[in-house]
Amino acid sequence: MCGGGVGVLASLAVPLLALTMPWAIANAAITVASTLLCTELHALFTFGTGRRPGLRRHLQSAGSATAAYVVTCAAMFLLHTVQSSPSLLWEQTVYLTASGLAGTGRFLVLRLFVFATDRNREPATTKPVAASKPMVAPKPMVALRPTKTTDDWNLPFVRTEAFAG
């Protein structure tokens with residue numbers, strides 16, 4: 001949601017900014033701004049690190065954004081090679097398609113490499129559940145005929161009364 005939303009806004013901003021400067025420079029400026037914003041949003045929301053990304057993560061994200069920039073520039077170059085003056089609709093279509101493919105690739109890089117260590121690391125201040133709450137034995141079920149519910153199968157306690165016949 002974060003990357004796609006910022007990507008759509010960026011795709012609208014690039015052609016507007018390209019009216020005042022060359023397209024490649026407009027794309028570069030919007031790519032830098034959207035990369036900074038997306039890295040912040042991904043760290044806080046998408047990948048749930050709970051904190052802002054540091055310089056290392058910004059640089060890693062910038063590497064994937066550079067690859068995305070090359071893909072979108074190559075797609076636009078190819079479009080202008082095939083059609084000398086494409087309409088704004090064609091430019092948007094090609095840009096959004098290339099940007100969507102590059103964004104999917106960026107998401108995978110961020111998920112698998114940039115923010116991968118945070119998903120596997122447990123906070124150092126976490127206490128075991130057993131130390132914070134005393135364990136209480138479950139109450140036996142009182143029924144003439146045993147009924148099976150979804151929590152009969154949940155571990156660590158399987159109610160043996162559910163199997164009594």
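What pattern does the protein chain follow when read along the sequence? The pattern is α-α-α-α-α-α, and the chain has 6 helices and 0 strands. Helices (H or I, at least four residues) and strands (E, at least two) are DSSP runs, numbered from the N terminus.

This is a predicted model, in which local features need pLDDT of at least 70 and side-chain atom pairs count only at pLDDT 80 or more, while totals for chains, interfaces and linings use all residues. Residues are numbered from 1 along each chain as its sequence is written, and side-chain values use heavy atoms, with hydrogens and water left out.

**Chain totals**

The protein chain has 165 residues, of which 28% count as buried. Buried stands for under 20% relative accessible area, exposed for over 50%, and partly exposed for what lies in between, with a 1.4 Å probe and protein chains only. Among contacts in the chain with a separation of 6 or more, 52% are between residues 24 or more positions apart; a contact is heavy atoms within 4.5 Å.

**Nonpolar cores**

A nonpolar core is a set of buried Ala, Val, Leu, Ile, Met, Phe, Trp, Tyr and Cys residues joined through side-chain atoms within 4.5 Å. The largest one has 9 residues, namely A10, V14, I30, A75, M76, L79, V94, Y95 and A98. At least two residues of this core come from each of α1 (2-17), α3 (55-82) and α4 (88-114). A second, separate core has 5 residues, including A43, F47, L110 and F115. I30, a member of the largest core, touches A10, A13, V14 and L17, when residues up to four places away in sequence are not counted.

**Helix pairs**

Two packed helices are described by the angle between their axes and the distance between the axes. The axes are lines fitted to C-alpha atoms, for helices over the stretch in contact, and the angles run from 0 to 180 degrees between N-to-C directions.

| Helix pair | Axes come within | Crossing angle |
|---|---|---|
| α2 and α3 | 9 Å | roughly 145 degrees |
| α2 and α4 | 13 Å | roughly 40 degrees |
| α3 and α4 | 9 Å | roughly 155 degrees |

The angle between α3 and α4 makes these two helices roughly antiparallel. On this scale, angles under 35 degrees count as roughly parallel, over 145 as roughly antiparallel, 65 to 115 as roughly perpendicular and the rest as oblique.

The crossing is right-handed for α3 and α4, for α2 and α3, and for α2 and α4. A crossing is right-handed if the near helix is turned clockwise from the far one by less than a right angle, and left-handed if anticlockwise.

In the contact of α3 with α4, the α3 side includes R57, Q60, S61, A75, M76 and L79, and the α4 side includes W90, V94, Y95, A98 and L110. By class, the residues of this contact divide into 14 nonpolar, 6 polar and 3 charged. Ala, Val, Leu, Ile, Met, Phe, Trp, Tyr, Cys and Pro count as nonpolar, Asp, Glu, Lys and Arg as charged, and the others, Gly among them, as polar.

Helix α2 spans residues 23-46. Its contact with α3 is made by W23, A24, N27, A28, T31, T35, L36, T39 and E40 of α2 and by R57, H58, S61, A62, A65, Y69, T72, C73 and M76 of α3. These residues divide into 9 nonpolar, 7 polar and 2 charged. Towards α4, residues W23, N27, T35, H42 and T46 of α2 meet Y95, R106, F107 and L110. The contact of α2 with α4 has 4 nonpolar, 4 polar and 1 charged residues.

**Single residues**

T39 is in helix α2 and counts as buried because its relative accessibility is 0%. Neighbours within four places in sequence aside, T39 is in contact with P53, R57, H58, S61 and F115. T39 and L59 are 20 residues apart in sequence and 9.8 Å apart in space, C-alpha to C-alpha.

Y69 lies in helix α3; at 22% relative accessibility, Y69 counts as partly exposed. Not counting residues up to four places away in sequence, Y69 touches A24, N27, A28 and T31. From C-alpha to C-alpha, Y69 and N27 are 7.5 Å apart in space, and they are 42 residues apart in sequence.

Q92 has its place in helix α4. With 17% relative accessibility, Q92 counts as buried. Its contacts include S11, L12 and P15, with residues up to four places away in sequence not counted.
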